Amino acid sequence: MPHPESLIRTIADRHGLAGGLELLPKGGMVNEAWAIGDSHILRIVTEGNDAECDDEAPREAAVVPLVVVAGITAPRLVAHDLAFAPRPYSIYEMASGELVGYSGRDYGHFTAAYGQMGRDLTKLHSLNIDVGARTKLRTAESYDFEKWIARAEERGSVSKENVADIKGTVARWREIGGQPAFECLVHNDLHPWNLMGDPETGALTAILDWGDASFGDPARDFAMMPLPCVPAMLDGYASTGGTVDDAFVARSLVVGMSVALFEVSTPEMADFYRRWWRMPPGGWSEMKSLVAQFWPELM
C-alpha cells in the first residue's frame, strides 16, 4: 500500500510546497513518487522495503548536487529528510517530458536522448569525488551471472539449450572484457524508467534516481538500457572523450546479460512494459541477433 496522502501533504506543507498531490505510476522497486502540483516530485521509500533502501536518500543528497553542477541532465534536489517521515524522502524540481519506459514509443523516437546520455556519462565518469561524497557511495557489486542463469533455468524462463549457448557466449565476453582500466562514479541504474524524454523531439530531459550511485566500472552504465538504444549511447560517449573498445562493450554485455536474466526470472518485473527491458521480447535469440548486428566481432 502507498503512503497515505495525508503524510505526503504534511511533508509538502513542511517545505512550503502547494498544489494537488498525485501518486505517479511505479518507476522502480524502492521508492514511490508523488507529484506536488506541477513543480515538484517527492520520492519516498515504499513501506515494506528493507532497511537497506533507506540508504538511497543520503546517497542522492551527496551525488545529485555534484552531477547538476557538472551540467549533467538531472533535476535539482530541493530537500531531503531521513527521520521526519516513516521512511526517508527526497524532493526534486519536476522535470519535463515523459518516462521513456512508459512512453509506448519506438526505440528510435528517443535516439537524441541516447546520444545525450552518452555525453552526460562522459562527464559523470570524469567527476572527482570528494571524501564526503565517496563515503556515501557503495562499491558496485558484481552481478551474479551464475545465480541468475540458474534461476532462469529453474523457472523455465530460458530453455536448457539456450542456457548452454548463453554460458558459452558470456564466457567469451568475459575473456574479451578483462578488467576495467579504472573505476569511477557510476549511476548504476540507467534504465528506461529512470529517464525522461521530450515526447515531441525525443531529447533527454532528465536522468532520475541516483540512489544506486556507486563506484565501479564505467561500462556498467551501458548495461540496462534495451540493446537497440546502446549504440547511440556509445557514440555520444566516444564523441566526448569516453573510451569505447571491444573490451568495454563486452563488459557491459556481461552485466547486461545478468540484468536480462534477472528480468525474466523476477515476477515483479511484470509491472513494467516488456519492450523496454534489457531482455528483448524475442528472448535470447533476438538478443544474439542484435549483438551480432551492432558488434559482430563479439559474436
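This is a predicted model: local features need pLDDT of at least 70, side-chain atom pairs count only at pLDDT 80 or more; totals for chains, interfaces and linings use all residues.
**Entry 1: I129**

Leaving aside neighbours within four places in sequence, I found I129 in contact with L66, R134, L137 and L185. I129 sits in the loop that lies between helix 3 (111–126) and helix 4 (131–134).

**Entry 2**

Strand 11 (residues 214–216) pairs with strand 8 over three bridges, in the antiparallel sense. I noted C184 opposite G216 of strand 11.

**Entry 3: strand 5 and its partners**

I turned to strand 5 next. How much of strand 5 is buried? Of the five residues in strand 5 (residues 89–93), four are buried, so I wrote it down as largely enclosed by the rest of the structure. I looked up its pairings. Strand 3 (residues 40–45) runs antiparallel to strand 5, with five bridges between them, and R43 stands opposite S90. Strand 4 (residues 77–81) is also antiparallel to strand 5, joined to it by four bridges. On that side I found D81 opposite Y89.

**Entry 4: helix 6**

I checked the length of helix 6 (residues 160–177). Its 18 residues at 1.5 Å a residue should span 26 Å, and the end C-alpha atoms are 25 Å apart, which agrees.

Which residues of helix 6 are buried? I listed V163, I166, T169, V170, W173 and G177. These residues cover an arc of only 135° around the axis, so they lie on the same side of helix 6. I recalled the general rule that an α-helix has 3.6 residues a turn, so residues three or four places apart point the same way.

The face turned away from the buried side of helix 6 carries K160, E161, A164 and E175, which are exposed. I then looked for what covers the buried residues of helix 6, and found helix 5 (145–155), helix 8 (246–265) and helix 9 (283–294) among the elements that do. Just after helix 6, G178 takes a positive phi of about 60°.

**Entry 5: the cores**

I looked up the nonpolar cores last. The largest has 63 residues, and Y114, I166, W173, W210, M257, L261 and W295 have the most contacts inside it. I166 and W173 were already on my list of buried residues in helix 6. Among the elements that each supply at least two residues of this core are helix 2 (56–69), helix 3, strand 10 (204–207) and helix 7 (230–239). Which helix gives the largest share of this core? I found helix 8, with eight residues.

I also looked up what W210 touches, not counting residues up to four places away in sequence. The residues are R59, E60, V63, V64, V67, I72, A74, L124 and H187. A second, separate core has 14 residues, including I8, I11, I36 and A79.

How values were computed: Residues are numbered from 1 along each chain as its sequence is written. Side-chain values use heavy atoms; hydrogens and water are left out. Two strands pair if DSSP finds at least two bridges between them. Contact means heavy atoms within 4.5 Å. The expected span of a helix is 1.5 Å times one less than its number of residues. Buried means under 20% relative accessible area, exposed over 50%, partly exposed in between (1.4 Å probe, protein chains only). The arc is that of the directions from the helix axis to the C-beta atoms. A nonpolar core is a set of buried Ala, Val, Leu, Ile, Met, Phe, Trp, Tyr and Cys residues joined through side-chain atoms within 4.5 Å.
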